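Here are some notes to read with the structure open beside you. Take them one point at a time and find each spot as you go.

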Amino acid sequence: MTNENDLIERYLDDSLTDEQAIEFQTWLKASDENVKKFALASARNEQLRAIVAAEEEGVVATASGSRDSKPRGMLRPGTAARGMTAACLLIAGIWLFSSPAHSAPQVSLVGSNSPVSLRSGQEPQRWLNTGDSFTTGTLVTENDATRARFAYVDGTVFTLRGETELTLEDDPGKRLVLSKGLLLAEVLPQPRQQPMKVLTPTAEATVLGTTFALNAETNETLLQVRDGEVTLRRLIDDREATARNNEQLLALQTGDQPLQAEPITDVPASWKASSKRTPGQTWLGTWNDEGVLKAVPRKILLKKPGVEEEHFHAGIRSEIPGVVTLEKDSEIRIRYRTAKPINVGLFLSTRSATWDFTGNFQAYLVEEENPADADGWRTGTVPATSLLPMGAKIPFQPGCVVSTILATTYAQDAGLEVAEFEVISK
Amino acid sequence: MADETRRQQFTRLWTDVQPAVAAYVRTAVRDPHAAKDIVQNTAIVLLNKFDQWDSSRRFLPWALGFAKFEVLAHSRDRGRDRLVFDESLLGAMADCWPDVQETVGRERTALRACIDALTAPAREMVRLRYLEELSIKQVAKQVCSTAGATRVALMRTRRQLLDCVSRRLRQTSTSQHEE
């Protein structure tokens, strides 16, 4: 969920994604105070535009009136370029001489939809509140649906999604260790001699200024770069490769595959579950020898009333690259059985192609509507258009990418098994 | 003569409110060329209907009412491409716009001084975005940065300006108290 100030800023910069536009409209409609807050921000923005334009007219008039007069107001491009270079060198110089050794940059929690904890040295673990700042420590998010956003003082932002463990090291540069989970980052240009580095179990990513997603598992790291470039070094053999705009890199623990950037391909519009795993996927459940996925208990934090429960899930999660693209005519088909009569829930979490959250959805497989065969297997089919939005009630958007799809008996251990699970696009 | 007097009155009133109406339209319609057209259309409509204006009412709210419909007409003509502002939101914005303009108007002088105090890189970015009307991506290309970094830098500059304006207004208010 993007905070309101961020939504306003993105609107003013024409940078809202489709999902954010819906969030923004929802926020505006929530109260007149919100409209007024936005109106004030926009009016200020337009006043800035008017003053800049007026100053420029003053410069033109002055320049045309007198050759000796120095133009005030906005700078010309050539001057600006030299000015920026000088400013960067000066800032770098001040930074080099004034920063004490081992003073890690400060980070703040911008917002989170689930609890985030910080373990720091000898201090006890603490739960972070929005606005809390820190420099070092290990951030842990335990909820599958977590979206926690952080910002460095220089404006670099990163988001942790799902169950993630990220350590911020005591170093003047940005040194992160992503032990597991998904990190999305928009990194401002960093000093060449001190790029941001993210270490995972299998690779080290070097970032100078870019927008990327990094998914870490014990035996693989998947990197996708939307904008800019990231160099990835595979730890097992020190091989390096660079991913640039819309490219990805996969670093395996074994190191027996070439480390080569490839274009990020669209997530297909059809998918069928099988015990074979592809990079970036995590199965929620256990496969038996007959190719049946059995539900396993997983801790779920319920926002209301803020308690933890154990729910039984059988499904798959893949933030990047994603599971399947849902189109308007997509259908979800599942062949399942339970040890006792019970309705089964379907849950989907979705995002856009550019990693923005596009809503959570659910559907119900009603026991009476899906009769069992002789072996107890039932088949349910759910059209994508009949999925019910959850939480923020973001409506289903055709073309969204499923990052999690699972069947659940919620808190009941009903022996849920899934023999077939697929998404079909007609 | 009466017509001439009426036209002069309209011109005076429209000159006063045009910046506020333009700002309202630009808020809802992000394409600067389309926004200019809408403001011009609004002016024409207002001129044609000026006889209906009750001079006991403020001109700006009345003008915003017509601007709102011009914005809606533009949106209908262009088809539904991710519209954020529907009629109710446009109406809510028009309702608060006069008060918002008053607040922002009081900040104008301070804002000019604060813009002068920006660093050269920040002023250049502001110039490219607000004067040249470049998109974030285009600004990023000009300053050899990424779109994300540019967006954040502009956001920080706007916040710096806001803080600077607030400080200046507080100083002005304090010195006025001390006089």
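Is the crossing of α1(A) and α2(A) left-handed or right-handed? Keep that in mind for the opening point, and remember throughout that you are looking at a predicted model.

1. **Two helices in chain A.** The crossing of α1(A) and α2(A) is left-handed. Two packed helices are described by the angle between their axes and the distance between the axes. Here α1, residues 4–12 of chain A, and α2, residues 18–30 of chain A, pack at about 115°, and their axes are 10 Å apart.

2. **Who touches whom there.** On the α1(A) side, look for A:Glu4, A:Leu7, A:Ile8, A:Arg10 and A:Tyr11. They meet A:Gln20, A:Glu23, A:Phe24 and A:Trp27 of α2(A). Sort the residues of this contact by class and you get five nonpolar, one polar and three charged.

3. Most residues other than glycine have a negative phi, and most peptide bonds are trans.

4. **A cis peptide bond.** Now jump along chain A to the bond from A:Ile320 to A:Pro321, which is cis, with omega near 5°. A:Pro321 belongs to the loop between β22 (308–317) and β23 (324–326) of chain A.

5. **Where the chains meet.** Next, zoom out to both chains. Chain B puts 53 residues into the contact and chain A puts in 54. Together they bury about 4900 Å², with 61% of that on carbon and sulfur atoms.

6. **Charged pairs across the contact.** Side chains of opposite charge can pair when their charged atoms come close. Over all chains the count is 35 salt bridges, and between chain B and chain A it is ten. One to look at joins A:Glu9 and B:Arg158, whose closest N and O atoms are 2.6 Å apart. This pair runs from helix α1 of chain A to helix α8 of chain B.

7. **Chain B's side of the contact.** There are also 16 residue pairs in polar contact between chain B and chain A, counting pairs with both residues at pLDDT 80 or more. Which helices of chain B each supply at least two residues to the side that touches chain A? They are α1 (2–28), α4 (87–106), α5 (108–116), α6 (120–131) and α8 (147–178). Of these, α8(B) gives the most, with twelve residues. By class, this side of chain B has 28 nonpolar, eight polar and 17 charged residues.

Methods: Residues numbered from 1 in each chain as written. Chains lettered and ligands numbered in written order. Predicted model: local features only at pLDDT ≥ 70, side-chain atom pairs only at ≥ 80, totals over all residues. Heavy atoms only, no water. Contact = heavy atoms within 4.5 Å. Buried area = accessible area lost by both parts, 1.4 Å probe. Salt bridge = Lys/Arg side-chain N within 4 Å of Asp/Glu carboxyl O. Polar contact = N/O pair within 3.5 Å; in protein donor to acceptor, adjacent residues only side chain to side chain. Helix = DSSP H or I, 4+ residues; strand = E, 2+ residues; numbered from the N terminus. Nonpolar A, V, L, I, M, F, W, Y, C, P; charged D, E, K, R; others polar. Axes fitted to C-alpha atoms, helices over the stretch in contact; angles between N-to-C directions. Left-handed = near helix turned anticlockwise from the far one by under 90°.
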